[in-house]
Amino acid sequence: MIELSFGVRVDRPSEQVFAVLADFEAYLARWAAGPIGATPTSAGATDAGSRFVVMARVGPFRVRSPYEVLAWAPPSRFSGRGIAGPVRFEEEYQLSDVDGSTELTQSIRAWPRGGFRVVEPLIRRQLRRLIASDLQRLRALVLEVYPKSGE
């Protein structure tokens, strides 16, 4: 099993950070590497138990990956899991207000399956780079979506 945790500070309140982070349809493909879109497969507003299909680009291929929201507590926390594919994962996002900014922490646990277990160290390295860069893109996107006056 792979366990990683990363953080970033975003100079915006947690409500704004959460709004971008958790709007899968509008923003996921803009800040997360790989996804090219997300479509809800459950009715109603997003909440614990909501499901999505995330379309992602993996090399030359497009894959459909089911995603389930496990916990939903705006604007401070949400978690979810990828429930198919060669690497299953659970992730959690914690948001805390600190002096008008938001401390955002993403924790992930991933389980490579089948032949992918052999390359777990490579997957760990790739996830480290991917998540760190995703959080920086998320930070930049929040600042773009919610500019402060004068920026």
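Author: Helices (H or I, at least four residues) and strands (E, at least two) are DSSP runs, numbered from the N terminus. This is a predicted model, in which local features need pLDDT of at least 70, side-chain atom pairs count only at pLDDT 80 or more, and totals for chains, interfaces and linings use all residues. Residues are numbered from 1 along each chain as its sequence is written, and side-chain values use heavy atoms, with hydrogens and water left out.

Reader: OK. Which helix is Trp31 found in?

Author: Trp31 is in helix H2.

Reader: Is Trp31 buried or exposed?

Author: Buried. Its relative accessible area is 3%. Buried means under 20%, exposed over 50%, partly exposed in between (1.4 Å probe, protein chains only).

Reader: What does Trp31 touch?

Author: Leaving out residues up to four places away in sequence, Trp31 touches Val20, Leu21, Tyr93, Asp134, Arg137, Leu138 and Leu141. Contact means heavy atoms within 4.5 Å.

Reader: And Leu21, what does that touch?

Author: With the sequence neighbours up to four places away left out, Leu21 touches Trp31, Phe78, Tyr93, Leu95, Leu104 and Leu138.

Reader: How many residues has the largest nonpolar core?

Author: It has 33 residues. Leu21, Trp31, Phe78, Leu104 and Leu138 have the most contacts inside it. Such a core is a set of buried Ala, Val, Leu, Ile, Met, Phe, Trp, Tyr and Cys residues joined through side-chain atoms within 4.5 Å.

Reader: Which element gives the largest share of this core?

Author: H3 does, with seven residues.

Reader: New topic. At what angle do the axes of H1 and H3 cross?

Author: Roughly 110 degrees. The axes of H1 (residues 14-21) and H3 (residues 120-145) come within 10 Å. Axes are lines fitted to C-alpha atoms, for helices over the stretch in contact, and angles run from 0 to 180 degrees between N-to-C directions.

Reader: So what do we call that arrangement of H1 and H3?

Author: Roughly perpendicular. That label covers 65 to 115 degrees; under 35 is roughly parallel, over 145 roughly antiparallel, and the rest oblique.

Reader: Which residues make the contact?

Author: H1 uses Gln16, Val17, Val20 and Leu21. H3 uses Leu138, Leu141, Val142 and Val145.

Reader: Last one: where is Pro35 found, and what does it touch?

Author: Pro35 is in strand E2 (residues 35-40). It counts as buried, at 16% relative accessibility. Residues up to four places away in sequence aside, Pro35 touches Leu28, Ala29, Val54, Met55 and Ala56.
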